[in-house]
Amino acid sequence: MMLEFRWPLLGVIIPSLVIGLTAYGSHYFILRHHLSTTQQIIYECITSMVWISYILAIFTGPGQSPKGYTPKKGEWKRYCTKCQSYKPPRTHHCSKCNVCVMAMDHHCPWTLNCVGAKNLPHFMRFLFWVIVGTTYLLVRLCERIVGYYNDSDKPIYLIKRSELIAVIVFTPIDLFVLLSISLLFIRCLINIGKGMTQIEIWEWDRIDSQFHSKRLWKSIRLNYKQLYGKQLPQLSTWTNKTPIDEGEFAMEEISQDESSGSTSAGTSEIVTTESQSHDDMLEGDVDQDEEEEEIVPQNFTMDDVIFPYDYGVWSNIKYFLGSPLMWLVPWSKPNNNGFNIEPSVDYKEDDQLELPWPPDGGNQNITIPTPSDDELRSIKNYSQLKKQLDPRYNAKRSNWHNDMGESLDDYGVYIDDSDDDKL
């Protein structure tokens with residue numbers, strides 16, 4: 001979840017102090033006594049790259065939505081009430097920066113800036129150089145620790161006290177920064193490889209968790225009818241999977257496992273009784289099953305949903321970060337303007353929903369009644385029953401949160417406009 005400071009400037013002051021004290025404190029108290037001049041120059045060059053990339057991540061704009069943008073046919077007409085203009089695809093209004101950010105990834109409290117189409121390369125370079133610098137420093141600190149161990153039989157007065165204290169203080173700080181920044185870098189790199197921002201990963205997780213909900217498919221069907229003037233055609237899966245994964249337990253299997261200790265006669269009687277009650281239940285719920293089938297497709301899985309801006313791993317990385325030859329150059333920029341976005345070839349050829357992303361945008365005020373006990377008992381798949389009991393199952397987009405408790409607000413997205421998409 002996004003950190004929020006009472007005084008936002010602290011988000012920049014704190015990492016600046018950590019970088020400055022750790023980098024220059026380690027150099028002054030430790031490294032200058034044990035490294036050659038060339039090694040010290042290399043270390044200072046790495047430190048300088050950390051500062052340069054950090055300053056660029058702070059002061060480079062994330063890419064604001066162009067004024068007077070007109071949505072193309074088939075795009076969401078997403079009007080920002082704050083900026084008084086339409087937003088291009090993948091654009092969100094940041095509640096912290098108070099601007100519409102193209103390809104918005106998240107609002108970063110540590111740079112006091114949004115991460116978006118124009119400054120994502122600077123942000124990733126900053127993380128990269130921090131990892132390089134902290135790794136280099138950790139290796140040198142570990143060398144000193146090993147040296148202290150090898151000299152443990154020598155008198156203590158032969159060890160410089162200020163250097164020893166510096167090693168004790170800076171080693172855990174350096175290790176903490178290295179691990180935390182590495183996790184963030186890996187997370188961002190995986191998202192980039194998928195062609196998604198963190199907000200779009202959040203959106204994908206939301207659709208996955210609500211995939212069998214009536215609310216999601218009512219919204220999708222309404223969107224399709226509004227765009228094409230006809231009903232959504234029958235969908236079919238391109239995979240070998242079924243809507244119920246093989247690894248998920250059916251409720252009948254659980255019941256049979258629990259009664260496995262019974263005698264064969266008793267088991268036969270139980271199975272007969274369960275079969276009769278199941279037939280009765282099916283008889284009484286024919287209308288309900290027909291309605292469910294009409295709304296939620298029975299032969300379509302989450303694996304059949306195609307994200308429109310996934311061009312393949314290598315192409316995605318180049319799209320977000322620019323030419324590979326320029327990745328480490330501080331002033332390099334991405335190869336896109338952030339608003340003229342073309343869907344991928346796979347999306348154009350194989351997408352069955354034929355709707356802009358997310359497919360259930362708009363029509364968020366659909367009301368779904370709480371399922372009755374009989375409806376819950378009729379669900380024969382344990383995983384689906386668990387999802388039905390999750391309060392997020394039929395939640396609207398602005399109210400949903402992922403398993404880490406993150407909502408759109410935690411990424412800095414202005415919530416009031418998030419449910420107002422129109423076709």
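Predicted model: local features only at pLDDT ≥ 70, side-chain atom pairs only at ≥ 80, totals over all residues.

Biologist: OK, where does UniProt put the "active site"?

Modeller: At Cys108, in an unreviewed entry. UniProt positions are given in the numbering used here, feature names are shortened, and annotations may be inferred rather than shown by experiment.

Biologist: Is Cys108 buried or exposed?

Modeller: Cys108 has a relative accessible area of 5%, so it counts as buried. Cys108 sits in strand 5. Strands (E, at least two residues) and helices (H or I, at least four) are DSSP runs, numbered from the N terminus.

Biologist: And which residues is Cys108 in contact with, leaving aside neighbours within four places in sequence?

Modeller: Asn113, Val115 and Phe123. Contact means heavy atoms within 4.5 Å.

Biologist: Which elements do the buried residues of helix 5 pack against?

Modeller: Strand 5 (106–108) is one of them, along with strand 3 (92–93), helix 4 (161–193) and helix 6 (214–228). The buried residues of helix 5 include Trp202, Arg206 and Ile207.

Biologist: How far does helix 5 reach from its first C-alpha to its last?

Modeller: Helix 5 (residues 198–209) reaches 17 Å over 12 residues, close to the 16 Å expected at 1.5 Å a residue. The expected span is 1.5 Å times one less than the number of residues.

Biologist: Switching topic: how do the axes of helix 1 and helix 2 cross?

Modeller: The axes of helix 1 (residues 10–29) and helix 2 (residues 37–59) cross at roughly 175 degrees and come within 11 Å. That makes helix 1 roughly antiparallel to helix 2. Among the residues making the contact are Gly11, Pro15 and Tyr24 of helix 1, and Tyr43, Trp51 and Ile58 of helix 2. Axes here are lines fitted to C-alpha atoms, for helices over the stretch in contact, with angles from 0 to 180 degrees between N-to-C directions. Under 35 degrees counts as roughly parallel, over 145 as roughly antiparallel, 65 to 115 as roughly perpendicular and the rest as oblique.

Biologist: Which residues does UniProt list for "transmembrane region"?

Modeller: The unreviewed entry lists 6–29, 41–59, 126–143 and 164–186. In the model, residues 41–59 are 100% helix and 0% strand, with end C-alpha atoms 27 Å apart. Residues 126–143 are also 100% helix and 0% strand, and their end C-alpha atoms are 26 Å apart.

Biologist: Which peptide bond is cis?

Modeller: The one from Trp357 to Pro358 is cis, with omega near -10 degrees. Pro358 lies in the loop between helix 11 (345–350) and helix 12 (373–377).

Biologist: Last one: how many helices and strands are in the protein chain?

Modeller: There are 13 helices and six strands, and 46% of the 423 residues count as buried.

Note on methods:
Residues numbered from 1 in each chain as written. Heavy atoms only, no water. Buried < 20%, exposed > 50% of the residue type's maximum accessible area, 1.4 Å probe, protein only.
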